[in-house]
Amino acid sequence: MKNFYQEGPGLTNTYRSDETLQKFLKKNLPPEVQKEALPHLDHLGERAATDMLLWAQDAEAQPPQHIPFDPWGRRIDEIKTCEGWKHLDRVAAEEGIVATAYERKFGAFSRVYQMALLYLYSPSSAIYSCPLAMTDGAARALELYAGQDLKERALPHLVTRDPRHFWTAGQWMTERSGGSDVSGTATDGHPFSGSSPFSATHSLHGTKWFTSATTSQVALTLARPDGAPAGSRGLSLFYLELRNSQAQLNNIQIHRLKDKLGTKALPTAELSLLGTPARIIGGEGDGIKKIASVLNITRIYNSICATGHMRRALDLATDYSRKRTAFGKTLIEHPLHQETLRSLEEDFRRSLVFCFFVAKLLGQEEVGEISASERILLRTLTPILKLYTGKKAVEISSEVVEIFGGAGYVEDTGIPRLLRDGQVFSIWEGTTNVLSLDMLRAFEKEQALPILLEHFRNCAAMKDSVVGFVEKWTTLQKIISQLAKAAPEEWERHARRLAFLVADLITENLLYENSL
């Protein structure tokens with residue numbers, strides 16, 4: 001043991017090593033989709049363990065830099081990113097991470113195929129999946145609400161497979177006054193009198209405290225046009241392009257890059273709009289409703305990426321468990337260690353099947369093959385999915401860091417980043433409490449609870465009296481009965497518990513249906 005050196009964990013093709021993903025897709029994708037999708041996923045799984053991994057390591061080692069002035073004092077506000085980050089952008093376009101969903105080659109299953117690609121791409125992307133989430137959300141918002149000329153200008157760039165023409169999009173909502181509560185948005189929109197290549201209607205003035213994907217070509221943002229009422233009712237959705245034809249920022253001043261707990265490779269900035277040309281989308285007002293189409297997609301992305309993060313953490317832990325010896329045998333040979341991994345793997349499987357169930361609903365909605373009750377299910381389950389997978393990502397990341405012992409606490413092993421990056425999934429796109437309240441809003445405004453309960457009554461696990469499902473169903477009924485005549489404050493007090501119970505019931509049934 002004198003000259004002993006511990007071998008660290010390694011990765012192989014991340015599609016081939018993922019038995020859960022393979023089993024699920026082979027059971028749920030039609031044969032014609034499998035014929036194209038499975039070889040593509042195998043190809044991307046190889047990239048995720050080879051060239052992409054190297055570029056992600058480069059991006060983590062060389063985080064973005066803000067260069068406010070050129071050598072002669074001119075304000076330029078350049079955000080400099082490394083070659084690894086640029087390569088990951090090209091991979092996203094080449095592999096169709098966004099495009100696959102909008103080509104709709106396989107109808108509703110296009111979303112399932114796309115999300116499987118994202119799931120493999122994200123853990124080796126240094127969180128480049130974040131700009132892609134907002135790019136996808138922006139594409140959907142433009143598809144739904146933009147005028148034909150703006151669609152023709154922007155959409156081909158957002159959904160292309162050609163890296164030379166690929167654009168990403170930002171989503172700029174967060175201001176100093178709050179994150180999820182956008183009612184106090186202080187960005188104003190004044191009538192725009194100049195000319196712009198995208199027919200700007202307003203000039204925007206205000207400060208955005210937190211803007212992700214600040215190196216993107218375009219962004220969607222909320223602002224209050226002149227004369228609009230206070231509060232969320234007066235907000236409108238706007239499209240802007242960050243730079244003009246001379247590659248200069250369009251009256252945007254970047255104050256600083258955010259120094260975050262994790263996701264260090266991702267450029268995130270605080271900035272001010274100083275008369276930035278922008279175009280109102282879908283007419284004045286209803287900005288919150290319109291940007292909900294973006295949030296639905298970014299929340300599903302967040303959930304898929306959280307689940308991919310869980311898989312990466314478990315892959316590293318499992319490989320290490322076969323290499324690390326303690327108390328006379330490898331970790332994987334110890335029954336208690338086996339039980340720890342088994343429990344974590346079950347949480348991962350629950351997250352995976354839940355993600356793809358919601359992705360399928362999203363695909364059905366986009367191609368017009370969704371029923372009224374399924375649409376309400378999609379609306380209700382999306383925030384629940386996001387809060388559930390966000391929490392599981394943190395729990396699994398923490399356990400995996402612990403599995404590595406002292407090495408898991410040492411930065412140059414790369415393991416601590418699992419925990420630092422994993423924490424973001426429960427924060428971005430709504431915290432657990434915010435999302436629980438969003439579920440209650442669906443119960444109130446869309447009468448979602450009866451539809452949800454009917455869904456559970458028709459589940460295979462209910463019909464076959466699966467013990468774990470029936471126990472949770474009984475608990476849910478008891479809580480709802482107690483709250484039936486309670487004040488709204490009591491529903492809010494129990495919102496988190498309700499949300500996790502719903503998630504447990506959904507996942508219990510999906511595991512049963514998929515024999516996982």
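**Figure 1. Salt bridges in the predicted model.** The structure holds 40 salt bridges, a salt bridge being a side-chain nitrogen of Lys or Arg within 4 Å of a carboxyl oxygen of Asp or Glu. This is a predicted model, in which local features need pLDDT of at least 70 and side-chain atom pairs count only at pLDDT 80 or more, while totals for chains, interfaces and linings use all residues. Residues are numbered from 1 along each chain as its sequence is written, and side-chain values use heavy atoms, with hydrogens and water left out.

**Figure 2. The salt bridge between R75 and D77.** The side chains of these two residues meet with N and O 3.1 Å apart. R75 is partly exposed, at 38% relative accessibility, whereas D77 is buried, at 1%. Buried means under 20% relative accessible area, exposed over 50%, and partly exposed in between (1.4 Å probe, protein chains only).

**Figure 3. The salt bridge between R104 and E143.** The N to O distance between the two side chains is 2.9 Å. Because R104 lies in the loop between α5 (99-103) and α6 (109-121) and E143 in helix α7 (residues 129-145), the pair ties together parts that are 39 residues apart in sequence. Helices (H or I, at least four residues) and strands (E, at least two) are DSSP runs, numbered from the N terminus. R104 is partly exposed, with a relative accessible area of 23%, and E143 is partly exposed at 23% relative accessibility. Both residues belong to a network of salt bridges that also links R111, D136, R140 and E366.

**Figure 4. The salt bridge between R350 and E508.** The closest N and O atoms of the pair are 2.8 Å apart.

**Figure 5. The packing of α7 against α9.** Two packed helices are described by the angle between their axes and the distance between the axes. The axes of α7 and helix α9 (residues 287-321) come within 8 Å and cross at roughly 150 degrees. Axes are lines fitted to C-alpha atoms, for helices over the stretch in contact, and angles run from 0 to 180 degrees between N-to-C directions. The two helices are therefore roughly antiparallel; angles over 145 degrees count as such, those under 35 as roughly parallel, 65 to 115 as roughly perpendicular and the rest as oblique. Among the residues of α7 that meet α9 are L132, D136 and R140, and those on the α9 side include K289, I297 and Y301. The residues of this contact divide into 11 nonpolar, four polar and four charged. Ala, Val, Leu, Ile, Met, Phe, Trp, Tyr, Cys and Pro count as nonpolar, Asp, Glu, Lys and Arg as charged, and the others, Gly among them, as polar.

**Figure 6. The surroundings of T81.** T81 lies in the loop between β2 (75-80) and α4 (83-94) and is buried, at 16% relative accessibility. Leaving aside neighbours within four places in sequence, T81 is in contact with P64, K86, T215 and P267, contact meaning heavy atoms within 4.5 Å.

**Figure 7. The surroundings of S180.** S180 is found in the loop between β3 (169-172) and β4 (188-191) and is partly exposed, with a relative accessible area of 46%. Not counting residues up to four places away in sequence, S180 touches G430 and V434. The C-alpha atoms of S180 and V434 are separated by 7.4 Å, although the residues are 254 apart along the chain.
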